[in-house]
Amino acid sequence: SISGYFAGTVTDNDGGGIASTFSTNSIYVSYSDSMDNGMGVGLTMSVTSASITTDINIDTGMGTIGLGTGQDSAVDGMDGSPACFSLNACGSALSGKDGGAGLYNDGDTASGNSIRYSNSIGGVSFAVTRGMEVDSTAATAGTAQRNDGRQTDIVAVPAGSDAPEGYTRLMGADATEGHAAVMSYAASASLMGATVKAGVSQIDNKGATADTDPNFVTVGYSLAGLSLGYAMYDGDNGGEETQMGVGTSLMGMSVGVTFADADLATDVDYTMISASKGMGAASFGIDYTETDVAGTDTGDSDAWQFTYVVGF
């Protein structure tokens, strides 16, 4: 089978002008069959403007083994927020992930090409992934230029030294810190009508960077036409974000509101109001997001985002 998916956005960044971007632009080719021993095998290839990734999943009858270049970490596959109702912004923490502004890291980037085992036992679906180990590398000799682009300010960088602060490498390489193979664990179960998911990744670095065990818990529940959601993302590094949200159907549209509190070095509160409409092969949505940084007006914003999605 062959399918495709495109998700584009037009964003008004509160005085920063209007920007048009896309978050997903993919063609998916899928194939499944049975091997001579009766085990099932499936292959999915994802073709994007950035890369081509391939997943191979082998159904052993006692769980599924996943291999290939597109395997997510176990946490990344389950940490979507049930408290978010946007077409395009519900991956996890609103404050960012992968060591970004929000400090929550799902372990996926550090894992690289993971090996995955997944199964379902007694109503509990779970997955375990093991990433690839990365060695630390030493700096090599080269040159660096000032970040402001001054061509005359090019300096030599000896082997064993990183580029000076305020400079960008032109030749050679800075030292990079490796990490042990990332282990990631996640599970999902239904409990008294609620869907509960939880997981943790173990990221052990080989240098001065502290080891972390970022983790998440989400709960989704449906009641009288309302979808209720709760999510907690803990970076295990002093950063934590909590989300609560409620959604429903109104005049043929899906609508919802999300409240998020990011407990960071400087706390940040988010309010997101979302509305979307599915129209067969295409869907359209609009989000209004208010960001409030504690104790200052710097970083506060009111942003509008229009999302259009086409799939086949």
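The following legends describe close-up views of a predicted model.

**View 1. Salt-bridge network of Glu133, Asp135 and Lys206.** These three residues are linked in a network of salt bridges. The side chains of glutamate 133 and lysine 206 meet at 2.6 Å, N to O. Lysine 206 is partly exposed, at 37% relative accessible area, whereas aspartate 135 is exposed, at 54%.

**View 2. Salt bridge of arginine 146 and aspartate 153.** The N to O distance in this salt bridge is 3.5 Å. Arginine 146 is partly exposed, at 28% relative accessibility, and aspartate 153 is likewise partly exposed, at 22%. The structure has a count of three salt bridges.

**View 3. Disulfide of cysteine 84 and cysteine 90.** The structure holds one disulfide, in which the sulfur atoms of cysteine 84 and cysteine 90 are 2.1 Å apart. The link is left-handed, with -70 degrees about the S-S bond. Both cysteine 84 and cysteine 90 are buried.

**View 4. Patch of negative charge on the surface.** Among the residues gathered in this patch are Asp12, Asp14, Glu240, Asp261 and Glu290. Strand 16 (253-263) and strand 18 (282-293) each supply at least two residues of the patch. Glutamate 290 is placed in strand 18; glutamate 290 counts as partly exposed because its relative accessibility is 35%.

Technical notes
Residues numbered from 1 in each chain as written. Predicted model: local features only at pLDDT ≥ 70, side-chain atom pairs only at ≥ 80, totals over all residues. Heavy atoms only, no water. Patch = residues over 30% accessible without salt bridge, like charges linked within 9 Å, V, L, I, M, F, W, Y side chains within 5 Å. Areas by Shrake-Rupley, 256 points an atom, 1.4 Å probe, with all protein chains shown as cover. Salt bridge = Lys/Arg side-chain N within 4 Å of Asp/Glu carboxyl O. Lys, Arg positive; Asp, Glu negative; His and termini not counted. Charge placed at Lys NZ, Arg CZ, Asp CG, Glu CD. Helix = DSSP H or I, 4+ residues; strand = E, 2+ residues; numbered from the N terminus. Buried < 20%, exposed > 50% of the residue type's maximum accessible area, 1.4 Å probe, protein only. Disulfide = S-S within 2.5 Å.
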